[in-house]
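Hi everyone, and thanks for having me. Today I'd like to walk you through a structure, so please have a look at it as we go.

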2 protein chains.
Amino acid sequence: MSRWEPNARGRLEHAALELYSERGFEQTTVAEIAKRAGLTERTFFRHYADKREVLFSGSSELEEIFVAGVVGAPESAAPINAVAAALEAVAARFPERHFSRQRFAVIVANAELWEREQTKLASLVSAIADALRRRGVAEPTANLTAELGIAVFKVAFQRWVDGPGEPDFSQLINESLDELKAVAADR
Amino acid sequence: MSRWEPNARGRLEHAALELYSERGFEQTTVAEIAKRAGLTERTFFRHYADKREVLFSGSSELEEIFVAGVVGAPESAAPINAVAAALEAVAARFPERHFSRQRFAVIVANAELWEREQTKLASLVSAIADALRRRGVAEPTANLTAELGIAVFKVAFQRWVDGPGEPDFSQLINESLDELKAVAADR
């Protein structure tokens, strides 16, 4: 049995992001991450399959929050408002901005990580569309509404990580939802 | 100098898609593609860098049509309608359904190809957002409208390749644009 390492995941994540930011993802080794975190490589591999995994370990939790938000929205909510409720739940539980910004910068700088990020977003669309269908939303509305939810998420996220720091993520999500309505109304 | 091979690209593309569909992308070699097309491997490599490239050679043309459509839309067109004009131009020049369906099935079946497809779509969003900014559309409207355009494109494309064959791609694009407006209006 291993000794107890308080918050090993958080420490490894913090150390990994620092190193990826300082010297680049490819130039960082697991040994260096473990050392910076004050832990062993063995501990690293108890928590993460590889150094890429550190950046994507939140994906399944994100998907769960999205799906629970859609499924749990009031029965009377229109599809876009079920997705809006999910987006609010996501924004409320999102990692703090500094972490998100650092993570995103690392991903943008590496083609392989960028591909994985895009694929993760496509999986989120599928999961949200499934959740909408469970609410009785028919196709193609379910699929389109899921795509719109992720479009709003991406645009709000980009503004949040680019911005100087004023509006919080929830507010940017709401602004993007309003913008979606305004843009589509011109059709 | 090489001898003239009439429509070598088309023959290679056709042969490659047939083979990818019959035995899977990974199990197909360039030698087999060339043989089925009645051409040499050397000819293959004059046209494509590798067997993956056969599936993505249309990407830059697709992006050009999108961008030209947005830039060339009437000056008075709202952002969403500039994107709608681009989508119409894309639909009008899209490969025929059988080809698109076959290509999509191959891509869905292979994780690496799927990642590349998602990344290609993300690049399209960036190119469309750029084109909108050249029309004077401000952020975050440019970025969001570009995302919506690709959302509509993806949903219409999915219906087109899934469907039994009735509506053409242009019609599905238009239906998805109307659906976008209806979904967003409930916000």
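A word on the ground rules. This is a predicted model, where local features need pLDDT of at least 70 and side-chain atom pairs count only at pLDDT 80 or more, while totals for chains, interfaces and linings use all residues. Residues are numbered from 1 along each chain as its sequence is written, chains are lettered from A and ligands numbered from 1 in the order in which they are written, and side-chain values use heavy atoms, with hydrogens and water left out.

Let's begin with the two copies. Chain B can be laid on chain A by a turn of 180° and a shift of 0.0 Å along the axis, with an RMSD of 0.0 Å; the superposition is by least squares on the C-alpha atoms of residues with pLDDT of at least 70 in both. The two copies are thus related as by a two-fold rotation axis. The same surface serves both of them, as 100% of the contact residues of chain B recur in chain A.

How many residues of chain B are in contact with chain A? There are 35 of them, and they touch 35 residues of chain A, where contact means heavy atoms within 4.5 Å.

Buried area is what two parts lose in accessible area (1.4 Å probe) on being put together, summed over both. Three residues, Glu115(B), Leu144(B) and Arg187(B), supply 22% of the area that chain B buries against chain A, more than any other three residues.

Now for the polar side of things. Between chain B and chain A, 12 residue pairs are in polar contact, both residues being at pLDDT 80 or more. A polar contact is a pair of N or O atoms within 3.5 Å; within protein, one must be able to donate a hydrogen and the other to accept it, and residues adjacent in sequence count only if both atoms are side-chain atoms.

Which helix gives the largest share of the side of chain B that touches chain A? That would be H9(B), with 12 residues.

The rule also finds 4 salt bridges across this interface. A salt bridge is a side-chain nitrogen of Lys or Arg within 4 Å of a carboxyl oxygen of Asp or Glu. One cross-chain pair is Asp178(B) with Arg187(A), at 3.5 Å from N to O.

Over all chains, the count comes to 26 salt bridges. In chain A, Arg23(A) pairs with Glu32(A), their closest N and O atoms being 2.9 Å apart. Arg23(A) counts as partly exposed at 36% relative accessibility, and so does Glu32(A) at 29%. The cut-offs are under 20% relative accessible area for buried, over 50% for exposed, and partly exposed in between (1.4 Å probe, protein chains only).

Arg93(A) forms a salt bridge with Glu61(A), at 3.3 Å between the closest N and O atoms. Arg93(A) is exposed at 55%, whereas Glu61(A) is partly exposed at 40%.

In chain B, Glu175(B) and Arg159(B) meet in a salt bridge at 3.2 Å, N to O. Finally, Glu18(A), Glu22(A) and Arg36(A) are linked in a network of salt bridges.

Methods. Helix = DSSP H or I, 4+ residues; strand = E, 2+ residues; numbered from the N terminus.
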